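Okay everyone, thanks for coming.

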Amino acid sequence: MTAVLFGITLIASAGVGVVNMITEEPIALAKEAATKAALTQVLPAFDTTEEKALTIDELPITVYTATKDGNVAGYAVQTMTKQGFNGVVRLMVGFTPDGEVVNVNVLEQSETPGLGTKMADEGNVLLGSIQGQNLENKKLVDGKLAVKKDGGDVDALTAATISSRAYVDAVNRAWMAYKSVAFGIEATDSASGATKPADAQTSEPEAQEGGQNE
């Protein structure tokens with residue numbers, strides 16, 4: 001009986017290993033293609049990119065410096081936060097060389113359908129609050145972007161303030177990373193002081209009651 005179980009386990013493990021070997025390269029290629037697509041959506045026209053890995057708030061951040069004809073065309077930052085209503089939110093944020101936000105691409109999110117998921121919609125209010133603007137000129141709270149409920153001037157998604165705060169937190173981290181690479185400004189921790197409310201485990205509409213009045 002022991003030999004039979006061992007044999008079954010060995011065969012199953014070998015099968016998993018073979019499947020992993022077969023799928024590893026396609027997964028890596030798909031991930032690379034998705035990254036390239038996101039870069040083209042958030043950057044001005046460019047020829048090549050050079051990436052630099054940073055760690056902010058113990059989270060991995062990647063800055064892509066894009067060049068065209070030998071000159072810097074812009075910066076794209078793959079950023080993230082763990083403050084989403086349902087966990088991780090990952091963004092690609094594009095900046096012009098002087099800090100104007102070109103575009104934001106939502107790479108990953110698992111927010112409430114029809115509420116927090118609207119952060120990925122084209123022309124959503126979060127993007128509309130920062131696109132085409134230099135974040136230095138925004139209404140900052142302790143030097144950071146913030147939604148209106150927290151004293152800033154970023155419009156929150158209706159009935160999804162937690163998701164909106166997460167989006168802003170990730171953008172703040174991207175902005176910090178951009179300044180670190182573009183101007184050598186040290187990237188410090190605590191990109192955003194926003195905290196998840198204690199009742200964040202309730203359904204998002206209940207947690208954000210009154211959000212339509214923001």
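Let's start with a question: is Asp153 buried, partly exposed or exposed? Asp153 is partly exposed, with a relative accessible area of 25%. Here, buried means under 20% relative accessible area, exposed means over 50%, and partly exposed is in between, using a 1.4 Å probe and protein chains only.

Quick background: this is a predicted model, where local features need pLDDT of at least 70 and side-chain atom pairs count only at pLDDT 80 or more, while totals for chains, interfaces and linings use all residues. Residues are numbered from 1 along each chain as its sequence is written, and side-chain values use heavy atoms, leaving out hydrogens and water.

Now, the pairs. A salt bridge means a side-chain nitrogen of Lys or Arg within 4 Å of a carboxyl oxygen of Asp or Glu. That rule gives seven salt bridges.

In one of them, Asp153 meets Lys138, at 3.6 Å from N to O. Both sit in the loop between helix 2 (125–128) and helix 3, so the pair ties together parts 15 residues apart in sequence. Lys138 counts as buried, at 10% relative accessibility. By the way, helices (H or I, at least four residues) and strands (E, at least two) are DSSP runs, numbered from the N terminus.

Next, Arg173, which is buried at 4% relative accessibility. Its side chain forms a salt bridge with Asp57, 2.6 Å from N to O. That one links distant parts of the chain, 116 residues apart: Arg173 is in helix 3 (residues 161–183), and Asp57 is in the loop between strand 1 (48–56) and strand 2 (59–68).

Arg173 also pairs with Asp169, with the closest N and O atoms 3.2 Å apart. Shared partners join Asp57, Asp169 and Arg173 into one network.
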